[in-house]
Amino acid sequence: MPYIGDEEIAEVIDSLRNGFLTAGPKVKIFEAQFADFIGTKHAIAVNSCTAALELALAALDIGPGDEVIVPTLTFCATANVVEHRRATTVLVDVGEDLQIDAEAVERAISHKTRAVIPVHYGGQACDLKSVLQLANRKGVAVIQDAAHSVGTEYDQRKIGADGLVTAFSFYPSKNMTTGEGGMLTTSDNRLAERLRVLSLHGIRRDSASKEIGPWLYEIYEPGYKAKMTDLQASIGIHQLRRLEGFISRRREIAQIYSDAFKNLPELVLPVDLPGRPHAYHLYTVRIVAERCRLQRDTFIQQLKKAGIGSSVHFIPLHRHPYYRDKYEYPATSFPVAEAFFPKILSLPLYPKMSDGDVLRVISAVRDIICAAQNARHCSSVQRRTS
Ligand SMILES: *Cc1c(COP(=O)(O)O)cnc(C)c1O
């Protein structure tokens with residue numbers, strides 16, 4: 001549930017009146033402000049993170065016969081784009097932090113590997129240093145999927161400041177929104193130029209078109225239609241100003257959850273890791289099977305009965321029929337994702353939540369766990385968490 005303020009609304013109306021309905025001056029402003037915020041040279045605004053990821057693959061000439069490594073615990077878009085390029089998706093396991101496992105990446109690298117797409121899951125950075133060093137050593141490109149992680153920091157630098165290229169999402173559920181929308185960041189001048197050209201049909205203009213007119217352009221390769229519009233940038237410019245506030249409210253809510261649940265041995269909670277403060281796009285908890293009889297699916301249903309929406313991020317990609325049937329993974333390929341998937345759920349967390357909303361979630365979670373345990377334990381849970 002996004003927060004949209006009066007400034008966003010007024011800015012969209014301004015664009016409707018001034019007539020720039022496609023990419024215009026506001027897209028340029030948004031790109032410049034975003035690049036500045038992240039601490040990178042170039043930001044290229046596009047119509048989704050999915051498009052951003054596909055453009056990155058295209059700009060690196062990744063296609064048939066190439067292998068791209070993707071964590072299995074992600075949204076389908078991360079791998080679908082590899083399939084769109086007719087390249088081969090190589091799924092790898094995650095670690096206990098739910099982030100891509102650098103050792104699994106190393107084992108998966110072959111002479112055909114061209115890229116790895118680490119996901120900064122849930123708003124927390126993955127072990128980026130290990131991934132970048134490994135990729136560097138092996139001559140493999142790193143395309144970061146930062147859909148959850150606009151504003152997330154790693155070693156006190158913003159995600160998107162380091163590495164070759166990073167893709168962000170401004171889908172309404174993400175840390176900031178433009179309705180639909182996405183952004184690419186890179187500090188590589190040539191890559192930035194190629195991404196720009198590919199994002200609009202492959203149109204290239206040179207000095208001759210400056211003299212003769214904008215109708216004069218050339219196509220060297222068939223590009224995509226993926227540009228952001230000024231209507232979207234109107235929203236994005238103001239959302240970007242609010243982003244740090246959004247993230248601090250997310251962290252505040254997460255802290256209230258974590259304080260309330262810390263004495264519940266039935267749940268493993270998300271935590272900040274050294275150099276990797278959590279931006280809490282997601283608050284994903286894991287049920288400890290040995291301590292709790294409650295099934296995850298039942299938990300979600302009971303929360304729903306209490307009027308609380310929770311979800312699962314994500315069904316591992318190797319379990320989806322397309323990927324399962326195409327690649328026929330051995331049963332032992334994804335031990336952590338297999339063990340964790342049936343136990344994870346994400347509790348509601350968005351900046352607009354009031355403290356009252358948060359407390360309602362807390363008491364529902366407590367009641368449901370309590371009811372699933374025996375009475376003696378139940379009273380101890382209530383005592384310790386009240
Ligand atoms: C949301 C999401 C995407 C896709 O973002 P869109 O902007 O909707 O295209 C990609 N990867 C991950 C991990 C996501 O959660």
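**Ground rules.** I worked with a prediction: local features need pLDDT of at least 70, side-chain atom pairs count only at pLDDT 80 or more, and totals for chains, interfaces and linings use all residues. Residues are numbered from 1 along each chain as its sequence is written, and side-chain values use heavy atoms, without hydrogens or water.

**Rings.** I paired rings of Phe, Tyr and Trp (its six-membered ring) with centres within 6.5 Å; planes under 30 degrees apart are stacked, over 60 edge-to-face, the rest tilted. The count came to 14 aromatic pairs. I looked up F34 and F170: centres 5.7 Å apart, planes at 75°, so edge-to-face. F34 sits in helix α2 (residues 25-38) and F170 in the loop between β8 (165-169) and β9 (182-186), 136 residues apart. Helices (H or I, at least four residues) and strands (E, at least two) are DSSP runs, numbered from the N terminus. Both F34 and F170 are buried, meaning under 20% relative accessible area (1.4 Å probe, protein chains only).

Next I took Y329 and F334. Their centres are 5.3 Å apart with planes at 75°, so this pair is edge-to-face. F334 is buried, at 3% relative accessibility. Ring pairs join Y322, Y323, Y327, Y329 and F334 in a cluster.

**Strand β5.** I checked residues 141-145: five of the five are buried, so β5 is largely enclosed by the rest of the structure. A141, I143 and D145 cover one side, V142 and Q144 the other. β5 runs parallel to β8, joined by three bridges; strands pair if DSSP finds at least two bridges between them. I143 has V165 of β8 as its bridge partner.

Notes
Buried < 20%, exposed > 50% of the residue type's maximum accessible area, 1.4 Å probe, protein only.
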